[in-house]
Amino acid sequence: MLPACPVDPLHTRTHGARMNTLTRIALLGDVASIRQGHPFRGAIAAVPEGPVQVIQLKNLALDGLQERDHLLRTALRARKPPDWVQDQDVLIAGRGNHPLAMLLHNPPESTVCSPHLYVLRVCTPDLLPAFLAWQLNQRAAQTYLRQQAAGSRQQSLRKTAVAQLPVHVPPVAQQRRIVGIASAAQAEQRCLEALIHIRQQEIAVVAEQVLQGSGA
């Protein structure tokens, strides 16, 4: 736990005002290219030995790509080479009630996304992809995306709505600090969850012994 430090309110207000003057606000479509996942027609056919892997909605998580070694495999019959995902792409769910965003780290080769995902590729040097992914998962962006979602049964986001999302671009040094703090918080959460799981297992063993009459 970080030690509590005294805060000078005047310094905080002045520092915050100074940082705000250095932060520019842009539309997401102006700082990143936005495209939908591969245009599969209908259900994606599973081909166990297929050369292409597909990232689906279920593979998105705040802490990275889930089941990266067991992604759906398929085969494509495209006339032109598909748009493979790349390292540092930001994926965002375009369908569902929770428009989660995720940063890609070294994705497997020959991998595409399902059409229910948008692929964002930062195209300006003063915006870190990791910071963009973090910002998209914050309350303001999530509220905007949910409000823009259309459809009563299955909410879906239009590309034009995603492109109009306001994005804050503070100095790169500040972005790095925020990303570092967020990464540390995620690591701490994973550690705590692991400890809780171990403790639950210990309690289950003790409970089984007691209830069987063998004692602890």
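This is a predicted model: local features need pLDDT of at least 70, side-chain atom pairs count only at pLDDT 80 or more; totals for chains, interfaces and linings use all residues.

User: Which residues lie nearest the centre of the largest pocket?
Analyst: Leu62, Asp63, Ala182, Ser183 and Gln186. The lining has 20 residues in total.

User: And which elements give two or more residues to that lining?
Analyst: Strand 6 (101-103), helix 3 (129-136) and helix 6 (172-211). Helix 6 gives the most, with eight residues.

User: How does the lining of the largest pocket split by class?
Analyst: Ten residues are nonpolar, seven are polar and three are charged.

User: What's the volume of the second largest pocket?
Analyst: About 350 Å³. Its lining includes His38, Pro39, Phe40 and Arg41, and also Thr74 and Arg77. By class, that lining has eight nonpolar, two polar and two charged residues.

User: Back to helix 6. What span should its 40 residues have, and how far apart are its ends?
Analyst: At 1.5 Å a residue, helix 6 should span 58 Å. Its end C-alpha atoms are 58 Å apart, so the two values agree.

User: Which residues are buried in helix 6?
Analyst: Gln174, Gln175, Val179 and Ala182. Ala182 is also among the residues nearest the centre of the largest pocket.

User: New topic: the largest nonpolar core. Which members touch the most others?
Analyst: Leu28, Val90, Leu120, Leu132 and Leu136, out of 29 residues. Helix 3 gives the most to this core, with four residues.

User: What does Leu136 touch, leaving out residues up to four places away in sequence?
Analyst: Leu28, Val90, Ile92, Ala101, Leu120, Ala141, Gln142 and Leu165.

User: What other core lies apart from the largest one?
Analyst: One of 13 residues. Ile55, Leu65, Cys113 and Leu117 are among them.

User: Last one, Pro115. Where is it found?
Analyst: In the loop between strand 7 (111-113) and strand 8 (117-122).

User: Why does Pro115 count as partly exposed rather than buried?
Analyst: Because its relative accessible area is 21%, and buried means under 20%.

User: What does Pro115 touch beyond four places in sequence?
Analyst: Gln36, Gly37, His38 and Phe40. Two of these, His38 and Phe40, also line the second largest pocket.

User: How far apart are the C-alpha atoms of Pro115 and Gly37?
Analyst: They are separated by 4.1 Å, though the residues are 78 apart along the chain.

How values were computed
Residues are numbered from 1 along each chain as its sequence is written. Side-chain values use heavy atoms; hydrogens and water are left out. On a 1 Å grid over the protein atoms alone, a cavity is a set of points where a 1.4 Å probe fits but cannot get out, and a pocket is an open set with protein on both sides within 12 Å along at least five of seven lines; lining residues have an atom within 4 Å of a point. Ala, Val, Leu, Ile, Met, Phe, Trp, Tyr, Cys and Pro count as nonpolar, Asp, Glu, Lys and Arg as charged, and the others, Gly among them, as polar. Grid points are joined across faces, edges and corners, and a volume is the space filled by probe spheres set on the points. The expected span of a helix is 1.5 Å times one less than its number of residues. Buried means under 20% relative accessible area, exposed over 50%, partly exposed in between (1.4 Å probe, protein chains only). A nonpolar core is a set of buried Ala, Val, Leu, Ile, Met, Phe, Trp, Tyr and Cys residues joined through side-chain atoms within 4.5 Å. Contact means heavy atoms within 4.5 Å.
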